[in-house]
Amino acid sequence: LVGDFAGSHLTGDNSNIVTTDTQKNTIFAFAKDEPIGEIEDFALRLARHFAHDFPVVQRSRVSIEEYPWQRIEVDGKPHPHSFVRAGAEKRLATVTCARDAEWVVAGLSDLVLLKSTGSEFFGYPRAQYTTLAETHDRVLASAVVARWRYSRQNLDWAEAFAATRRQLIETFASKHSLALQQTLYAMGEAALTARPEIAE
């Protein structure tokens, strides 16, 4: 939260503070009262609440990381309340809300990609301590972190996220890479070209 909180820092005057207890309990209440939906929707609800319902708050930012989970099966049947984490990749959403503007940034992290060929690395300057050999055929693997800002808020968040993720992955696979930097640039360029709702 951003606002006039200087009194608390300078003199110990907490009259403008929205306590972390209030923030935590608000999140729990919002999660219980109605379906959370997509993480972008939930972040928008929370950010709007804090920016509009507390006069001292000028701007609020809500960041959410979503981890994939699968229901555990016991004797071939889905268990009613037990889950196992399904991989390390995370879906990301950060929403910033002021009284007169909103920004939604989505993304992912820990998306581990690998191609066993179709990658080269050569033509770099060699120095006294360079031991890396040039190659025209190598394994390329990377843990990708990507974020993109949407130009509007009236989207099917699940579809927009899935399509952007797919664009990044397909470009990684199909681009013949002369450098990891070239591949990453191509991935970003492909997402921007294919998805008009992405501003940057």
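Let me start with a term: buried means under 20% relative accessible area, exposed means over 50%, and partly exposed is in between, with a 1.4 Å probe and protein chains only. Now the model. It is predicted, so local features need pLDDT of at least 70 and side-chain atom pairs count only at pLDDT 80 or more, while totals for chains, interfaces and linings use all residues. Residues are numbered from 1 along each chain as its sequence is written, and side-chain values use heavy atoms, with hydrogens and water left out.

Salt bridges, then. The criterion is a side-chain nitrogen of Lys or Arg within 4 Å of a carboxyl oxygen of Asp or Glu. The whole structure has 12 of them.

Pair one is Arg91 with Glu38, at 2.8 Å from N to O. Arg91 sits in strand E5, residues 90–98, and Glu38 in the loop between helix H2 (20–33) and helix H3 (39–53), so this contact ties together parts 53 residues apart in sequence. Helices (H or I, at least four residues) and strands (E, at least two) are DSSP runs, numbered from the N terminus. How accessible is Arg91? Arg91 is buried, at 9% relative accessible area. Glu38 is partly exposed, at 25%. There is also a network here: salt bridges link Glu38, Glu40, Glu66 and Arg91.

Pair two is Glu200 with Arg149. Their closest N and O atoms are 2.8 Å apart. Glu200 lies in the segment after helix H5 (180–194), and Arg149 in strand E7 (residues 140–149), so the bridge joins parts that are 51 residues apart in sequence. Glu200 is exposed, with 56% relative accessible area. Arg149 is partly exposed, with 25%.

Arg195 counts as buried, at 14% relative accessibility. Glu159 counts as partly exposed, at 40%.

Last topic: the surface. Which residues make the nonpolar patch? Tyr67, Trp69 and Phe83 do, and the patch covers about 320 Å². Patch residues have over 30% relative accessible area and no salt bridge; like charges are joined within 9 Å, and nonpolar side chains (Val, Leu, Ile, Met, Phe, Trp, Tyr) within 5 Å. Areas come from the Shrake-Rupley method with a 1.4 Å probe, and for residues only the protein chains shown count as cover. Tyr67 is in the loop between strand E2 (57–66) and strand E3 (69–74). At 30% relative accessibility, Tyr67 counts as partly exposed.
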